[in-house]
Amino acid sequence: MEKIPNLDDNNEWFTEATLPYSDPVLRISSKISDVIYDQKSDFGHVQIFDTPFYGRMLTLDGIIQVAEKDEFIYHEMMITLPAIKHGNPKNILIIGGGDGGAVKQALRIKSVQKIVMVEIDQSVIDTCQTFIPSIADGALDDPRVEIIIQDGKDYIENSTEQFDLIAMDLTDPIPGGPAADLYEESFYAQVKERLSEDGFLSTHCSSLVIQPEEAKTMIPRLKNVFRNVSLHTAVIPTYQLTSFGFLIANDTSKTMSDEDIDRGFSNISGESKYLSKDMFYASSAVPPYLGIQ
Ligand code: SAM
């Protein structure tokens with residue numbers, strides 16, 4: 001039997017590669033019911049598996065990116081939450097996000113006129129569109145969406161456009177990996193230049209339980225650049241079954257009232273499956289034992 005990378009000898013169990021900032025004594029495994037896709041791209045190893053627990057799942061270089069079971073939690077936290085805080089975003093930049101789930105959420109924002117997605121790897125888009133289309137659900141074909149195949153770092157360096165929300169839906173900051181530079185303070189400073197006056201940056205800082213050092217590293221970097229930085233959490237089974245961190249940053253001196261948040265909610269069409277008002281407010285609570293905020 002041909003041995004498939006990241007699976008056991010019988011090709012029955014996937015074990016996730018060691019994550020950046022994590023302790024290598026822990027590995028997360030999931031039973032596989034089928035191998036749907038297994039190819040190298042110019043940027044990494046792209047695999048799609050069917051799993052009994054997570055549904056269909058995309059991995060890059062052995063790290064889980066997205067799964068059918070709970071992609072809505074991650075994408076609502078990454079896109080819908082900062083959109084609610086902003087209240088009226090008109091144009092959104094998504095860096096990465098090749099699976100299309102972030103664009104799908106961005107299209108639910110009533111005020112949105114334009115979404116630019118800058119993804120480095122065309123093959124992630126193509127593979128997801130072919131084998132796991134439920135994640136984008138047709139969103140990438142919407143006329144408001146422009147897709148640019150480019151390194152997000154180069155795009156930010158060379159663009160002059162302003163955005164109300166810039167979401168960094170990226171792979172982890174693996175040293176030497178394609179996304180590593182996009183978690184640096186110098187990059188956050190460049191992103192700030194591309195934000196409109198009340199614009200938000202949104203990014204993730206991984207499992208707060210397994211990789212707490214990632215949040216502890218990213219928060220000060222963002223605070224050195226932005227006036228306001230807030231940590232939000234959600235339990236997303238796909239990401240190591242623990243609390244997963246999202247960081248929202250902006251530079252406004254305005255304070256936000258509950259009425260502003262209500263207005264932000266009314267700017268979202270349809271029902272959110274995760275972000276009820278209770279979950280929105282609860283998402284900023286972080287247990288003290290983590291020592292993060
Ligand atoms: N939800 C995921 C997570 O939490 O890790 C992110 C999923 S999305 C598929 C990540 C995407 O970021 C990949 O498609 C990858 O090709 C893209 N990416 C990585 N580095 C990039 C860069 N420098 N510029 C643009 N896209 C990048």
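**Exercise 1.** How much space lies in the largest pocket, and which residues are closest to its centre?

*Solution.* The model is predicted.
Step 1: the largest pocket holds about 610 Å³ of space.
Step 2: its lining has 43 residues, and those closest to the centre are Leu60, Gln65, Leu170, Thr171 and Asp172.
Step 3: strand S4 (45–51), strand S5 (55–60), strand S6 (63–67), H1, S7, S8 and strand S11 (195–207) each give two or more residues to the lining. S6 gives the most, with 4 residues.

**Exercise 2.** Find which residues of the largest nonpolar core touch the most other members.

*Solution.* Step 1: this core has 39 residues, and Ile94, Val103 and Ile115 touch the most other members.
Step 1: at least two core residues come from each of helix H1 (71–86), strand S7 (91–96), helix H2 (101–106), strand S8 (114–119), strand S10 (163–169), strand S13 (243–250) and helix H7 (258–266). H1 gives the most, with 9 residues.
Step 2: take Ile115 and set aside its neighbours within four places in sequence; its contacts are then Ile92, Ile94, Val103, Ala106, Leu107, Arg144, Val145 and Glu146.
Step 3: a separate core has 34 residues, including Val191, Leu201, Cys205 and Ala249.

**Exercise 3.** Is Cys205 buried or exposed?

*Solution.* Step 1: buried means under 20% relative accessible area.
Step 1: Cys205 has a relative accessible area of 0%, so Cys205 is buried.
Step 2: Cys128, at 1% relative accessibility, is therefore also counted as buried.
Step 3: the structure holds 0 disulfides.

Technical notes
Residues are numbered from 1 along each chain as its sequence is written. This is a predicted model: local features need pLDDT of at least 70, side-chain atom pairs count only at pLDDT 80 or more; totals for chains, interfaces and linings use all residues. Side-chain values use heavy atoms; hydrogens and water are left out. A nonpolar core is a set of buried Ala, Val, Leu, Ile, Met, Phe, Trp, Tyr and Cys residues joined through side-chain atoms within 4.5 Å. Buried means under 20% relative accessible area, exposed over 50%, partly exposed in between (1.4 Å probe, protein chains only). Contact means heavy atoms within 4.5 Å. A disulfide is a pair of cysteine sulfur atoms within 2.5 Å. On a 1 Å grid over the protein atoms alone, a cavity is a set of points where a 1.4 Å probe fits but cannot get out, and a pocket is an open set with protein on both sides within 12 Å along at least five of seven lines; lining residues have an atom within 4 Å of a point. Grid points are joined across faces, edges and corners, and a volume is the space filled by probe spheres set on the points.
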